[in-house]
Amino acid sequence: DDVPNHLISADVDDYPEHLQQFRDQLEGRSMLVRRAQMVDIECVARGYISGSGWKEYKASQSVCGIALPAGLRESDKLPEPIFTPATKAQSGHDENISFATAAAAVGEELAARLRDLTLKIYSRASAYAETRGIILADTKFEFGFVDGALVLGDEVLTPDSSRFWPRATYSPGGAQPSYDTQFVRDYLESIPWDKRPPGPVLPADVVTKTGEKYKEAYHVLTGKSL
């Protein structure tokens with residue numbers, strides 16, 4: 001209820017008639033949404049120092065131009081959540097940018113709205129996740145405009161766009177066990193790949209274990225099973 005979103009329905013019965021013939025492919029894995037003019041900024045909230053933020057911190061003691069306290073360990077909780085925008089790369093990796101750079105790209109007023117919404121949604125989501133024994137270390141949102149109104153689009157609070165850690169095993173000072181795509185990242189870091197396309201084919205066991213992590217995260221957070 002903090003911001004409208006682009007979702008119309010995830011029930012195939014509500015989809016246009018010409019899509020009904022593809023029900024077996026669409027059921028449970030698709031959404032009907034309003035077409036949005038997307039803002040070309042990845043809106044990232046971080047409550048803990050990890051991933052690309054940790055790499056940047058080690059090099060500059062800051063993330064996206066935000067100075068952070070000295071002596072932080074990998075996976076430490078930050079004094080307060082921070083907004084760390086990134087460019088939306090069409091290929092390759094997104095690149096972390098400062099708030100000033102984001103404001104120059106989309107305008108000061110819109111950048112401020114994106115920052116405030118990102119941190120507000122993150123704070124609400126992380127507080128809920130804590131009640132389920134999950135740490136929401138960081139997450140990414142995307143926003144766009146539908147009929148002139150700012151809406152939340154794309155995926156929201158999924159293992160693909162968030163870093164979920166089990167509270168019970170949390171121990172700062174290194175990487176954490178994770179429910180998200182970290183399992184895939186760790187595999188890719190272990191093989192000789194220069195991070196340029198085409199990407200390597202993932203082994204079946206990596207795919208299977210990642211899927212299991214996603215399903216476990218869903219069950220823990222929602223109390224339901226996929």
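Which strand do 2 bridges join to strand 4, and do the two run parallel or antiparallel? The partner is strand 8 (residues 86-87), and the two run antiparallel.

The model is predicted: local features need pLDDT of at least 70, side-chain atom pairs count only at pLDDT 80 or more, and totals for chains, interfaces and linings use all residues. Residues are numbered from 1 along each chain as its sequence is written, and side-chain values use heavy atoms, with hydrogens and water left out.

View 1. Strands are DSSP runs of E with at least two residues, helices are runs of H or I with at least four, and both are numbered from the N terminus. Two strands pair if DSSP finds at least two bridges between them. In strand 8, A86 stands opposite E42. Strand 9 is joined to strand 4 by 4 bridges in antiparallel fashion, with C43 opposite F141. Strand 7 is also antiparallel to strand 4, through 3 bridges, and here R46 faces I82.

**View 2. Helix 4 and its surroundings.** Helix 4 (residues 108-131) comprises 24 residues and spans 35 Å from first to last C-alpha, close to the 34 Å expected at 1.5 Å a residue (1.5 Å times one less than the number of residues). Its buried residues include L110, L114, L117, I121 and Y122. Among the elements covering the buried residues of helix 4 are strand 4 (41-48), helix 3 (99-106) and helix 6 (204-222) (contact means heavy atoms within 4.5 Å).

**View 3. The end of helix 4.** Just after helix 4, G133 adopts a positive phi of about 80°.

Note on methods:
Buried means under 20% relative accessible area, exposed over 50%, partly exposed in between (1.4 Å probe, protein chains only).
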